[in-house]
Amino acid sequence: MNRKPAVAGRFYPAHPQQLHDAVSGYLQDVSQTGRVPKAMIVPHAGYIYSGPIAATAYARLKPAAAGITRVVLIGPSHRVAFRGLAVSRTHAYSTPLGDVEVDRAAIDALMHLPFVEYIEQAHTLEHSLEVHLPFLQEVLQQFTLVPIVAGDASPEQVSQALELLWGGDETLLVISSDLSHYHDYDTAKRLDHATSRMIEQLQYNEICGEAACGKVPVNGLLKLLQQKGLSIKTIDLRNSGDTAGDKQQVVGYGAYVVD
């Protein structure tokens, strides 16, 4: 049983070659380099809007392309309301670039947590996970996926799940979130800079849904980083007014890495 693409042809190209060209183009446009991240927060909008920002984080994975063999991917639920964290019984997530096998052993381990349950409808149409897969497929060589959709969950619950799956250098944590929504350009820049400061200061009790649509997984990661004595830094911060679209109503996008 494979989870089929829900937003191919809308958020990103549905044709394999066009998708490859788009993603590789975004990655090639990134000039900055840095250490390979253990975890990162990346945006999940249509590629013309957030692709360039996401690429700044994904490009940093290139030196570890063969070493990262498992990706824990957690994003917010946009369509289905529920409590806790949702996993799926699917054996693979499909994109136009091919199938990504799900780490069923990791899913089984998560199911021992009382706030994790199977909710297929939370995965079926959710874009916050799907849009990251082509980037991962382009950068990494062979990896399994642990896809998690976050509902109404506490930072403690999310951090507990991430701690369970933390692993070693073979495991990458990807947190999916956009920032502010539908403010004018200048207001968005001000709000998103404030949110970025809170992220860097690990203020996991301060970030609300209006600041980051993925605040549930973001805050869970920040809590875990605080527990582990780790830090996170901003490597890109832009909005749709910088990439595509007008500056009257923009959506904010940031890329953050834990290295």
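**Notebook: strands, rings and cysteines**

I started at the strands and saw that Asn2 stands opposite Ala92 in S5. This is a predicted model, so I noted the rules: local features need pLDDT of at least 70, side-chain atom pairs count only at pLDDT 80 or more, and totals for chains, interfaces and linings use all residues. Residues are numbered from 1 along each chain as its sequence is written, and side-chain values use heavy atoms, with hydrogens and water left out.

**Entry 1**

I looked up how the elements are named: helices (H or I, at least four residues) and strands (E, at least two) are DSSP runs, numbered from the N terminus. Two strands pair if DSSP finds at least two bridges between them. I then followed the order S1-S5-S6, an open sheet of three strands with mixed pairing. Its edge strands are S1 (2–3) and S6 (98–101), each pairing on one side only.

**Entry 2: strand S8**

Next I went to strand S8 (residues 144–150), where six of the seven residues are buried. Buried means under 20% relative accessible area, exposed over 50%, and partly exposed in between (1.4 Å probe, protein chains only). Which strands pair with S8? Strand S3 (residues 70–76) runs parallel to S8 over seven bridges, and I found Ile74 opposite Ile148 there. Strand S4 (residues 85–87) runs antiparallel to S8, joined by two bridges, with Leu85 opposite Ala150.

**Entry 3: Ser176**

I found Ser176 in strand S9 (residues 171–176). Is Ser176 buried or exposed? Ser176 is buried, with a relative accessible area of 0%. I listed its contacts (heavy atoms within 4.5 Å): leaving out residues up to four places away in sequence, Ser176 touches several residues, including Ile74, Ser128, His132 and Pro217.

**Entry 4: rings**

How many aromatic pairs does a search of the whole structure find? I got five. Rings of Phe, Tyr and Trp (its six-membered ring) pair if their centres lie within 6.5 Å; planes under 30 degrees apart count as stacked, over 60 as edge-to-face and the rest as tilted. Tyr26 and Tyr47 are edge-to-face, at 6.3 Å centre to centre with 85° between the planes. Tyr26 belongs to helix H1 (residues 16–28) and Tyr47 to helix H2 (residues 47–58), 21 residues apart. Tyr26 is buried at 18% relative accessibility, and Tyr47 is buried at 4%. I also noted that ring pairs link Tyr12, Tyr26, Tyr47, Tyr58 and Phe135 into a cluster.

Then I checked Trp166. Lys38 lies over its face, 5.1 Å from the ring centre, and the charged end of Lys228 sits over the ring too, 4.6 Å from the centre. The rule here: NZ of Lys or CZ of Arg within 6 Å of the ring centre and within 35 degrees of the ring normal.

**Entry 5: cysteines**

I counted zero disulfides, a disulfide being a pair of cysteine sulfur atoms within 2.5 Å. Cys208 counts as partly exposed at 37% relative accessibility, and Cys213 counts as partly exposed at 23%.
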